[in-house]
Structure formats: structure tokens, C-alpha cells
Amino acid sequence: MECVIGIVGKDFVLVASDTNQAHSIVIMKQDDDKLFRINDRGAMLVTGEPGDKVNFAEFIQRNLQLYKMINGYDLSIHAAANYARRELASSLRSRGPYNVNMLIAGHDEHDGASLYFMDYLASLVKLPFAIHGYGSFFGLSICDKYYKADMTEAEALNLLNKIVTEIQKRLLVQLPSFHVRVISKEGIKDLPSIYAKYQPDQTVRHESMEI
């Protein structure tokens, strides 16, 4: 019951992730950060089983850092996404496959802003917008209607707010807050979190009883 969102703009990627950490039907904490940095201008947003999520994300993160230490430069976002896909595909053929879904977002000097969607079966595709989780049932139709190429940061934030508002209003599971970041050539910048605006009417009406 997690949700991560990515939207590609003119020269940036806007990403958001809910803050719930759940186990079965229990919310364990509400300050979980699903973003893992892979370099100064790239990040992974990861959902799935809590242990698999952290183990696999940190495994990819550390190996990409090791690659930079050995070779003196970072892998591109395209190369990093394909490396993560290969490792997840290899784990599927082992006795202990990882159950994770990922959005890989970043900005390269030559390729510009890019967003990759990868599911737990290691299917990888580059998209202009993507959502993992049950929130996709509500958010993707909004993206289909309002998304346009070369969006400004303000337009992308407005679209993100539409998506989050609809998820918080209509999804059965409560997702009260989302971390928001923008990834551009300047790096990864935190933006103000989005909190639930929709509150159902909780007024209790008591009708008088006549005897």
C-alpha cells in the first residue's frame, strides 16, 4: 500500500513518495523516506517488501558508488537503470528474489531529465510520467489528461497536487503525507511535503427519540 510518483518536466524530474511504512494491516511509522540517491543528480524511489526494499536499493546504491570510485565518473541514469534491471532480473532466477518496484529518475548532461519505471519482474521502460502502487489507479488518468511535454516546475507541481489530492480523497488506504523532490542539473532539491487536505465529514447527528 505504497505510492511513488514521477513527472518529467522541461529540464527536471519531479518525484514524490508517501511516508507510510506498513506491515500487513499495521502502519509501523509515518516518516519513511523511499528515496535513495545514486549520485548528485539521480535517485531511486523504491517500494515493496520493507527488507527487500532497503537491501536491494542499498546494494545498487553502493555498487554505483564503487563504480565511480574505480572509474572516476558516474554512470548515466540510463546505464544505472539498466544495471538495476539486470541485478533484479538475476535475483528472480535465484532462490531469494527481491520483491521491489522502482522509479529511477535523474538528469544527465547529454540526455537531460529522464524517468525509468521498473516493476518486480525487472521490466524496464522510459516514461514521461509514472506511478507505482494503488495510487496509479487514480493518478495515471489525471496525468493522461493534464500532462504535457516541457512542463515548467510550477505546472508539474500543480499536476502533482491534483494527483495526490485525488489519491488522498478516494483511496481506501490512508496516505496522509508525501515527500516531494525536484531533480535537475543543479542536483536534488527538497520541496515542501504535501499533506492531506481532504477530511470526510465526521459530524455525528443524533435524532431525538420520542416515546
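1. In what follows, Ala, Val, Leu, Ile, Met, Phe, Trp, Tyr, Cys and Pro count as nonpolar, Asp, Glu, Lys and Arg as charged, and the others, Gly among them, as polar. This is a predicted model, in which local features need pLDDT of at least 70 and side-chain atom pairs count only at pLDDT 80 or more, while totals for chains, interfaces and linings use all residues. Residues are numbered from 1 along each chain as its sequence is written, and side-chain values use heavy atoms, with hydrogens and water left out.

2. Start with the second largest pocket. A pocket is an open set of points on a 1 Å grid over the protein atoms alone, with protein on both sides within 12 Å along at least five of seven lines; lining residues have an atom within 4 Å of a point. Volumes are the space filled by probe spheres set on the points, with grid points joined across faces, edges and corners. The volume here is about 200 Å³. By class, the lining has 6 charged, 4 polar and 2 nonpolar residues. Among them are Asp 40, Arg 41, Asp 74, Asp 108, Glu 109 and Asp 111. His 107 and His 110 line this pocket too.

3. The largest pocket has a volume of about 470 Å³. Its lining holds 22 residues. Which of them lie nearest its centre? They are Met 1, Glu 2, Ala 22, Gly 48 and Glu 49. By class, the lining divides into 11 polar, 9 nonpolar and 2 charged residues.

4. Strands here are DSSP runs (E, at least two residues), numbered from the N terminus. β3 gives the most, with 3 residues.

5. β6 (residues 42-48) also pairs with β5, in the antiparallel sense, over 4 bridges. Two strands pair if DSSP finds at least two bridges between them. A hairpin of 2 residues joins β5 to β6. Arg 37 has Ala 43 in β6 as its bridge partner.

6. Is β5 (residues 35-39) mostly covered or mostly open? It is mostly covered, with 4 of its 5 residues buried. Buried means under 20% relative accessible area, by a 1.4 Å probe and protein chains only.

7. The whole structure has 1 cavity of 30 Å³ or more. A cavity is a set of grid points where a 1.4 Å probe fits but cannot get out. The lining consists of Ile 38, Asn 39, Leu 64, Asp 74, Leu 75 and Ala 80. By class that is 4 nonpolar, 1 polar and 1 charged. Asn 39, Asp 74 and Leu 75 line the second largest pocket as well.

8. How many disulfides does a search of the whole structure find? It finds 0. A disulfide would need a pair of cysteine sulfur atoms within 2.5 Å. For Cys 3, the nearest cysteine sulfur is that of Cys 143, 10 Å away. Cys 3 is buried, with a relative accessible area of 0%. Cys 143 is buried as well, at 1%.

9. Ser 17 lies in strand β2 (residues 12-18). Ser 17 is buried, with a relative accessible area of 1%. Neighbours within four places in sequence aside, Ser 17 is in contact (heavy atoms within 4.5 Å) with Cys 3, Val 4, Lys 34, Leu 45, Ser 177, Phe 178 and His 179.

How values were computed
Buried < 20%, exposed > 50% of the residue type's maximum accessible area, 1.4 Å probe, protein only.
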